[in-house]
Amino acid sequence: MASNVNGAEEGRSFLEDGFSAHELFNKGYSYTYDDVIFHPHHIDFATEAVDLTTYLTRNIILRTPCLSSPMDTVTESSMAAAMAASGGIGFIHYNNLPHEQADLVKKAKSQRVGFVRDPFCLLPTDSIHKIDALKGSQGFLCALVTESGTIGSKLLGIVTNRDLDFVADRYTQVREVMTQDIVTAPAGCSLEEATKILIDNKVKYLPLVSENDGSVMELLFRDDVKRIKQSPPLGSPSLGPDGKILVGAAIGTRESDKERLRLLVDAGVNVVILDSSQGDSIYQRDMLGYVKRAYPQLDVIAGNVVTANQARNLISAGADALRVGMGSGSICTTQEVCAVGRGQATAVYKVASVARESGVPIIADGGISNSGHIVKALALGASTVMMGSFLAGTEESPGDYFIQDGQRLKKYRGMGSLEAMAKGSDTRYLGDKSRLKIAQGVSGVVADKGSVLRMIPYTMHAVKQGFQDLGVSSLQAAHNNCKSGVLRLETRTGAAQVEGGVHGLISYEKKRF
């Protein structure tokens, strides 16, 4: 009898390979995404059957579980528009004046994929020398010449390199060299309609002009059309009740942020983040209460948090979603400087376990550097992932490219860096009244990553393949299986992590897609 019992126990032990999330994350260790690995499960569905539809907040649904971080080198209007076009949402940073942030929200909500809303414009009296200066700092393709030198005024001509190459006097006014016979399309026409006009007329640039007064509203580039056609289908965009794209924004917890919030609401913002590196504070609770009283229809995301107690405090204060992560971002030094934080895998699981009880979605914010990290974050209980460095360096991120050692780069900085704090982001670290600024982040550069419109679809297909390997066809199934222990995990040694990546090669080229 004893041998039969031992045999049954051995069989059960064999079947229970690995650990449940509950077992693994209660061992007293703080795990990052790379520290843990999921075991594969049985597959009985195709990759295309995986549905990543999810909740951003209690009331907002997204087709794609991806958010861009409210950082001043990540999300402004172009990124917000691209994220919404991809089925996610972008959160516009607040390291600017209140009216500037509100203008970025308006611009994002009016922006259309493929069209440039703010092309370079010149007055007819501007000189070629002005274009030469632009070439040196940013590069140059073309400039629209308008009556007022801005978008939204009457189009007079267009200037390209071919108009400038053989002009000796660089102080010649652009009206003397601009091309006036321009092919245009009516403002408001669809991308398909504009593309047909551009191709049929064999032009590189197509201004979209109002038929009423001749004012130019947008510009379409042939290269952008080619890029869009070569990218995977985007699917349906993230739209709000007004039929415009969903756009989020971040605010602080100061008294002055109430006026910022009013301007954002007037601009049509769909959801706001109360932005703080440590969200479990009286300041955030007070601001959360104010927003809920003043704008009861506006969803509010609170955070950041990494523990169950922090989560309970903000849920009880009325948070519609929680942002999880402290010190896990690639440019964040909070754990090093302040000795607080948590490994991101542990933080996501612990907070999700509490938030699930109240039906509050959580956002895994930070620590995402590949599609596998996204799979882990979502499987451990996150409803969405927020990305900063992953999206920095894309065409849609703010800033200009520059060449260094033959590589095309863009600046990227943490909101806790001294550079960002100098513009006002120190309020995120509760330092607005302190005369001493202590950095909790760094500034750096990242390589050109191409367009978000190409990156997100490919990344999401990789995530779907990860879900297929886990044997789950939806986020809800992943969450249920993680909670019940069907999904099994274990930790990886340093050698296992090396083995799990590219190794043993003298040189290689690693492409995402």
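Tutor: Two residues are in contact when heavy atoms lie within 4.5 Å. The model here is a predicted one.

Student: Where is Ser-20 found?

Tutor: Ser-20 is in the loop between helix H1 (2-15) and helix H2 (21-24).

Student: Is Ser-20 buried or exposed?

Tutor: A residue is called buried when its relative accessible area is under 20%. Ser-20 has 10% relative accessibility and therefore counts as buried.

Student: What share of the chain counts as buried?

Tutor: The chain has 513 residues, and 50% of them count as buried. As for its elements, the chain has 18 helices and 22 strands. Of the contacts with a separation of 6 or more, 67% are between residues 24 or more positions apart.

Student: Which residues does Gly-157 contact, neighbours within four places in sequence aside?

Tutor: Gly-157 contacts Ala-143, Leu-144, Val-145, Met-178, Thr-179 and Ile-182. Gly-157 lies in strand E9 (residues 155-160), and at 0% relative accessibility it counts as buried. The C-alpha atoms of Gly-157 and Asp-181 are 7.5 Å apart, although 24 residues separate the two along the chain.

Student: How should I read a helix, for example H4?

Tutor: Begin with its span. Helix H4 (residues 98-110) has 13 residues, so at 1.5 Å a residue it should span 18 Å; the end C-alpha atoms are 19 Å apart, which agrees.

Student: Which residues of H4 are buried?

Tutor: First the general idea. An α-helix has 3.6 residues a turn, so residues three or four places apart point the same way. In H4 the buried residues are Gln-101, Ala-102, Leu-104, Val-105, Ala-108 and Lys-109. They cover an arc of only 155 degrees around the axis, which places them on the same side of H4. What they pack against is helix H3 (77-85), strand E5 (89-92), strand E13 (248-251) and helix H9 (257-267).

Student: How do I describe two helices that meet?

Tutor: Give the angle between their axes, the distance and the residues that touch. Helix H10 (residues 282-294) and helix H11 (residues 308-316) pack at about 30 degrees, with axes 10 Å apart. An angle under 35 degrees counts as roughly parallel, so H10 is roughly parallel to H11. Their crossing is right-handed. Gln-284, Arg-285 and Leu-288 of H10 make the contact with Asn-313, Leu-314 and Ser-316 of H11.

Student: At what angle do H14 and H16 cross?

Tutor: The axes of helix H14 (residues 371-379) and helix H16 (residues 452-470) cross at roughly 55 degrees and come within 9 Å. H14 and H16 are therefore oblique to each other, and this crossing is right-handed. Among the residues that meet are Ile-374 and Leu-378 in H14, and Val-463 and Phe-467 in H16.

Student: What should I look for in the backbone?

Tutor: Check the phi and omega angles. A cis peptide bond, with omega about 5 degrees, joins Gly-303 and Asn-304. Asn-304 lies in strand E15 (residues 299-305).

Student: What is phi of Lys-202?

Tutor: Phi of Lys-202 is near 55 degrees, a positive value in a residue other than glycine. Lys-202 is in the loop between helix H7 (191-200) and strand E11 (205-209) and is exposed, with a relative accessible area of 73%. Asp-405 is another case: its phi is near 55 degrees. Asp-405 is in the loop between strand E19 (402-404) and strand E20 (407-413), and is exposed at a relative accessible area of 78%.

Definitions and conventions. Residues are numbered from 1 along each chain as its sequence is written. This is a predicted model: local features need pLDDT of at least 70, side-chain atom pairs count only at pLDDT 80 or more; totals for chains, interfaces and linings use all residues. Side-chain values use heavy atoms; hydrogens and water are left out. Helices (H or I, at least four residues) and strands (E, at least two) are DSSP runs, numbered from the N terminus. Buried means under 20% relative accessible area, exposed over 50%, partly exposed in between (1.4 Å probe, protein chains only). The expected span of a helix is 1.5 Å times one less than its number of residues. The arc is that of the directions from the helix axis to the C-beta atoms. Axes are lines fitted to C-alpha atoms, for helices over the stretch in contact, and angles run from 0 to 180 degrees between N-to-C directions. Angles under 35 degrees count as roughly parallel, over 145 as roughly antiparallel, 65 to 115 as roughly perpendicular and the rest as oblique. A crossing is left-handed if the near helix is turned anticlockwise from the far one by less than a right angle, and right-handed if clockwise.
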